[in-house]
Amino acid sequence: RAVAMSVSHSSRLNKLVREQYMRLPQDGLVQVTYVWIDGSGEGVRCKSRTLDKEPKSIEDVPEWNFDGSSTAQAEGSNSDMFLVPVHMFRDPFCLDPNKLVLCEVLKYNRKPAETNLRHTCKKVMDLVKDSHPWFGMEQEYTLLGINGHPYGWPDNGFPGPQGPYYCGVGADKVYGRDIVESHYKACLYAGVKICGTNAEVMPSQWEFQVGPCEGIEMGDHLWMARFILHRVCEDFGVVATLDPKPMTGNWNGAGCHTNYSTEEMRREGGLKHIEAAIEKLSKRHDYHICVYDPRGGRDNSRRLTGHHETSNIFEFSAGVANRGASIRIPRQVGQDGYGYFEDRRPAANCDPYAVTEAIMRTTVLNETGVETKNYADH
């Protein structure tokens, strides 16, 4: 008996018919899809418009607006929000010359929307630009059927225990590789700095890595990679969730491990700068936990238990090659005496702007405590 997989109705539409229309010429006109973060701080929204010529830079893309009352970002009586283009990518769905454009959201008074965390991140990154901070973020996610159950899992029950699935090969070990490889190719086409992917420890859980990116570029590229992931999953009729602990019990959670270095750390003898940064982070653990998921640490509390390759949320720890620590120094870095380190605390649904900004505030701007400094006037 054939097993009916839980996929969306839209994914069953005839894609060959769609291709007939996608091949039609555009006569010099360009479709631009504006992408932004909604009021949840986790979801992405998009809408498209036609430009009469191909934009060559972000300055060629005009500002636009949308109904913020429908995205939990405004009241209906004053609902217009501004979309300010900040980063342009090629469109892997409609192909050249069409574009995907990441936008910041501003309110009616042109102040940043509450979930526009890019605004302050950009200010901080401009302040620390001489340290040339590089980031690489490892985005874990879980594929779900349209019914909310992990894709490929038995309808009534569970797959075998964790062990054979991490970096696995074979129909009984990995689920949804078509989605993963399509996402990878789409990111490469778009110009997203995706640098790898692998199957994760829990079946139907995957990871892709973005980086190295310098400064504000990290958040821009990871958010666009997330948008492309959701869009690819839409075509296949499944859902990608960034929930940090989608399945309770003896299953791994999902993080967004953040690799970080400054120019000093990457030079000969940089290990002492790595250790100094870790010392600063150790004294500001509570602040970082609060900004490493959208709910002030409540999401991460389900994941950071001290089990399943995590540290305990209440304790700060660091170690060489230790995946049960808050901060891991890769073994090669310990041997070479320079390089980077990995902050394993950010949740899968973190905002990369918040994470990278917090790391810079603590390790370069030397902030302490739970309060942040306002650099708006500097």
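**Strands, a helix and salt bridges**

Reader: How many bridges join β3 to strand β4?
Author: In this predicted model, β3 covers residues 64-67 and β4 covers residues 80-90. Strands here are DSSP runs of E with at least two residues, and helices are runs of H or I with at least four, numbered from the N terminus. Two strands pair if DSSP finds at least two bridges between them. β3 and β4 run antiparallel, and the bridges that join them number four.

Reader: What pLDDT do side-chain atom pairs need in this predicted model?
Author: Residues are numbered from 1 along each chain as its sequence is written, and side-chain values use heavy atoms, without hydrogens or water. In this predicted model, totals for chains, interfaces and linings use all residues, local features need pLDDT of at least 70, and side-chain atom pairs count only at pLDDT 80 or more.

Reader: Which residue of β4 stands opposite Asp67?
Author: In a regular strand the side chains alternate between the two faces of the sheet. β3 has Trp64 and Phe66 on its covered face, with Asn65 and Asp67 on the uncovered one. The residue of β4 opposite Asp67 is Asp80.

Reader: Which strands stand at the edges of the sheet?
Author: The sheet is open, with five strands in the order β2-β1-β5-β4-β3 and mixed pairing. Each edge strand has a single partner, so one of its sides has no neighbour in the sheet; these strands are β2 (44-51) and β3.

Reader: Which residue of β2 is the bridge partner of Val32?
Author: Strands of a sheet pair through backbone hydrogen bonds, either parallel or antiparallel. β1 and β2 take the antiparallel sense, over eight bridges. In β2, the partner of Val32 is Arg49.

Reader: At what angle does helix α4 run to β5?
Author: Helix α4 (residues 217-236) lies across β1, β2, β4 and β5, where contact means heavy atoms within 4.5 Å. Axes are lines fitted to C-alpha atoms, for helices over the stretch in contact, and angles run from 0 to 180 degrees between N-to-C directions. To β5 (99-106), α4 runs at about 115°.

Reader: Which residue in the turn between β7 and β8 has a positive phi?
Author: β7 (residues 194-199) and β8 (residues 205-214) run antiparallel, joined by five bridges. Within this pair, Thr197 stands opposite Phe208. The two strands form a hairpin with five residues between them, and the turn residue with a positive phi, of about 75°, is Ser204.

Reader: Is Lys99 buried or exposed?
Author: The side chains of Lys99 and Glu54 meet in a salt bridge at 3.0 Å, N to O; such a bridge is a side-chain nitrogen of Lys or Arg within 4 Å of a carboxyl oxygen of Asp or Glu. The pair links distant parts of the chain, 45 residues apart, with Lys99 in β5 and Glu54 in the loop between β2 and β3. Residues are called buried under 20% relative accessible area, exposed over 50% and partly exposed in between (1.4 Å probe, protein chains only). Glu54 is partly exposed at 30%, whereas Lys99, at 8%, counts as buried.

Reader: With which residue does Glu19 form a salt bridge?
Author: Glu19 is partly exposed, with a relative accessible area of 33%. The closest N and O atoms of the pair are 3.6 Å apart, and the partner of Glu19 is Arg18.
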